[in-house]
Amino acid sequence: MVGGSENRRTKQKRRVGLLYDDRMCKHAPPNKTDWPEIPDRIKSIWTKLQTAGITQRCVLLDAKEVEDNQVLLVHSQNHLKLMKDISSKKFSSRRKKIASKYDSIYFNEGSSQAASLAAGSVVQVIEQVAKGELSSGVAIVRPPGHHAEHDKPIGFCLYNNVAIAAKFILNEKPELGIKRILIVDWDVHHGNGTQKMFWEDPRVLFFSVHRHEFGNFFPFNDDGFYTMVGNGPGAGYNINVPWENNQCGDADYIAVWDHILIPVAKEFNPDMIIVSAGFDAAVNDPLGECLVTPFGYSVMLKKLMDFAHGKVVLALEGGYNLESTASSMLACVEVLLDDKPNDGSLDVYPNEGVCLRELVLQIINNISFAVAN
């Protein structure tokens with residue numbers, strides 16, 4: 001186990017927190033079945049960072065299990081009980097049957113602890129950054145979280161790690177002065193769970209860019225369409241950019257950053273940014289089938305670092321090509337450390353099938369909102 005803009009950054013050395021714990025690898029597919037969400041996802045990232053000498057330059061944090069009261073900020077009592085009990089011996093004969101009731105979920109004897117460590121670790125990193133003890137941070141965690149809803153696990157996700165942490169900082173730690181959080185979800189799948197948990201909350205601007213394909217891409221519903229903008233006090237604080245085809249790459253994502261996300265972030269003026277950092281839009285990912293390079297991810301992240309005094313936390317979500325995921329995370333951590341982005345070029349045109357100009361105009365027409373001061 002390894003222990004784990006207006007707001008321009010200063011040039012002082014950045015303290016970047018890094019959290020990884022082997023115990024999260026104990027959550028594994030039963031009988032070594034063919035699931036893409038496997039322990040090697042985080043092992044490969046950690047190995048890549050070690051080989052590159054990154055771990056020696058970061059502040060290594062110890063993982064912590066999530067507290068019940070933190071989970072209950074976004075999940076039901078029944079959900080908490082199931083996640084805590086599912087790895088116990090009394091459930092061993094029923095785990096497969098229980099998992100079959102949910103979409104793309106498996107359980108084993110290590111699931112309860114891994115899920116608790118994943119959620120607790122994201123809370124740990126975000127709290128340290130909010131306190132100012134770290135400049136920014138990265139939580140290399142699994143199982144992922146952004147699909148998990150109030151009362152059910154879904155899409156490899158058991159607890160909604162990012163939602164738990166964001167709600168904890170906003171509700172339970174007002175003394176830290178974090179009043180507005182921008183959640184940027186660049187996972188290739190829509191963050192349906194996170195969206196629902198902040199649907200009426202103007203303190204959180206949720207931004208998700210994802211494959212949607214008119215509801216025919218996971219999670220197979222209309223939640224990720226651009227007309228889904230929030231409700232009540234949260235109306236306008238939910239922004240979806242739905243790709244209606246695959247093969248989207250660096251130029252497509254950077255165009256969305258420049259024309260939608262960055263202008264909105266300037267207006268929202270967040271105190272902190274949390275990235276639901278799934279890397280399944282990366283080149284060669286078997287599920288995402290998109291073309292984002294490590295350089296592309298580094299440019300997207302660098303643009304976000306101009307906000308919230310650089311208080312940015314990355315929490316791992318998806319990413320199923322081990323090399324692409326590890327290389328993309330490495331490129332992002334280097335940005336947090338103030339390294340120059342790796343060599344690359346954005347001298348390419350957006351995917352012609354995206355109809356990007358029309359999409360941008362449609363989204364802008366749907367996201368006028370009044371910023372709470």
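This is a predicted model: local features need pLDDT of at least 70, side-chain atom pairs count only at pLDDT 80 or more; totals for chains, interfaces and linings use all residues.

Me: Which residues touch the most other members of the largest nonpolar core?

Reply: That core has 117 residues, and Ile140, Trp186, Phe207, Trp257 and Leu314 touch the most other members. Leaving aside residues up to four places away in sequence, Ile140 touches residues including Leu18, Leu19, Tyr20, Met24 and Leu316.

Me: What is the reach of helix H10 from its first C-alpha to its last?

Reply: One compares the reach with the span expected at 1.5 Å a residue. Helix H10, residues 322-336, reaches 21 Å, close to the expected 21 Å. Because 13 of its 15 residues are buried, H10 is largely enclosed by the rest of the structure.

Me: What is found at the start of H10, and which residue with a positive phi follows this helix?

Reply: At the start, a side-chain oxygen of Asn321 comes to within 3.2 Å of the backbone nitrogen of Glu323. H10 is followed by Asp338, with a positive phi near 75°.

Me: Is Thr194 buried or exposed?

Reply: Buried means under 20% relative accessible area. Thr194, in helix H7, has a value of 0% and is therefore buried. Beyond residues up to four places away in sequence, Thr194 touches His146, Asn160, Ile183 and Phe206.

Me: How many disulfides does the structure hold?

Reply: A disulfide is a covalent bond between the sulfur atoms of two cysteines. The structure holds zero disulfides. For Cys248, the nearest cysteine sulfur, that of Cys290, is 5.1 Å away. Cys248 counts as buried at 0% relative accessibility, and Cys332 is likewise buried at 0%.

Note on methods: Residues are numbered from 1 along each chain as its sequence is written. Side-chain values use heavy atoms; hydrogens and water are left out. A nonpolar core is a set of buried Ala, Val, Leu, Ile, Met, Phe, Trp, Tyr and Cys residues joined through side-chain atoms within 4.5 Å. Buried means under 20% relative accessible area, exposed over 50%, partly exposed in between (1.4 Å probe, protein chains only). Contact means heavy atoms within 4.5 Å. Helices (H or I, at least four residues) and strands (E, at least two) are DSSP runs, numbered from the N terminus. The expected span of a helix is 1.5 Å times one less than its number of residues. A polar contact is a pair of N or O atoms within 3.5 Å; within protein, one must be able to donate a hydrogen and the other to accept it, and residues adjacent in sequence count only if both atoms are side-chain atoms. A disulfide is a pair of cysteine sulfur atoms within 2.5 Å.
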